[in-house]
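Hi everyone, thanks for having me. Let me put the structure up, and then we'll walk through a ring pair and a helix pair.

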Amino acid sequence: MTRTPGRRTSTTRRRTRRALTPEERAERLSAAREQLLAGIDTLMTADGWEQLITSRAWLRRYSLNNILMILQQCPHATDVRPMSEWKREGYPLMRKGTHKIKIWKPRFHKAEAADGEPDSTESTTTGSTDNTAKTALSGFMLVPVVDVSQLDGDPSAHRPAPPQPIELSGDAPAGLWDGIHDVITNRGYTVDRDDCSDAYGRTIWSERRVSVRADIGPAQAAKTLTHELAHILCDHETRTDAPRHLGEVEAESVACIVAAVCGLDTLAYSVPYVAGWAVDRDTARASAQRVLAVADTILSHLDAKPRPPAADASPHTLAATVA
């Protein structure tokens, strides 16, 4: 096939794209860092924190820094991937007027083997290669990703509809209570349904006991049990320097993430009270990292736990499916 002159020009242009000067690269990195700091600042507001907690239900593949970067550039993002993944799904083009999102990607280099130590990057007699043992982090670079809203087309139109959120007053997702119960008891605590006065639940450190109010329904009970587990995994017993309201924000945020992934939408009443909870960037960032790590630990356990058959469901493991 004969190529047109315009096609040759386009190909040449792609091959000879000008490299960034050190000054231009430094300017872009500086702008990205400022964007990240602005993202951290938003964590100190009720709306910003709610945005983070909401996003974690679908952004589990990204680090805190990259979540903040994504939300700064595309506040309403819902599904962010490299363009290569979208192309494999049959969506090779972006909508006109949209711009790719920039996030941080670690950059590695091969480390030299110590004297007398074989170089693990060389192929063995079986032909396999191990490149993991002799690499070292050398820095970070900005790479592009794309949100589904920026695509020319709508992939969601060809996917099964996600499970709709269940009202907190209704049933709990199948396996949620039992899965959380297992994590708590495996850490040496007992769990009961008892009178908790005006609270939904409480953790009695001295007795190694978690209590959930007996007169609340399955959904609220499972959410409350998750909140109490978050207190345990966030080390609120030993972090005596953390004020009580900060511990409550962390525990409730973990519970919100876990509940959202499992199909319980609790943000409407759970998150708004956090305004003014953090006095500086370091506090906001540390709590955000802790919340995301603890939520992922809980979700990993739930993902690994087989879902009980519906016919054998306990009073706390009803109807819905753990996502």
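Let's start with Y189, which is buried, at a relative accessible area of 6%; buried means under 20%, exposed over 50%, and partly exposed in between, using a 1.4 Å probe and protein chains only. W205 is partly exposed, with 24%.

Quick housekeeping: this is a predicted model, where local features need pLDDT of at least 70 and side-chain atom pairs count only at pLDDT 80 or more, while totals for chains, interfaces and linings use all residues. Residues are numbered from 1 along each chain as its sequence is written, and side-chain values use heavy atoms, leaving out hydrogens and water.

So how do the rings of Y189 and W205 sit, stacked or edge-to-face? Their centres are 6.5 Å apart and their planes are at 75 degrees, so the pair is edge-to-face. The rule here: rings of Phe, Tyr and Trp (its six-membered ring) pair if their centres lie within 6.5 Å, with planes under 30 degrees apart called stacked, over 60 edge-to-face, and the rest tilted.

Now the helices. The axes of α6 (residues 176-186) and α7 (residues 218-233) come within 9 Å and cross at roughly 25 degrees. That makes α6 roughly parallel to α7, a word we use for angles under 35 degrees.

Who touches whom? On the α6 side we've got L176, W177 and I180 among others, meeting residues of α7 including A221, L225 and L229; contact means heavy atoms within 4.5 Å.

How values were computed: Axes are lines fitted to C-alpha atoms, for helices over the stretch in contact, and angles run from 0 to 180 degrees between N-to-C directions. Helices (H or I, at least four residues) and strands (E, at least two) are DSSP runs, numbered from the N terminus. Angles under 35 degrees count as roughly parallel, over 145 as roughly antiparallel, 65 to 115 as roughly perpendicular and the rest as oblique.
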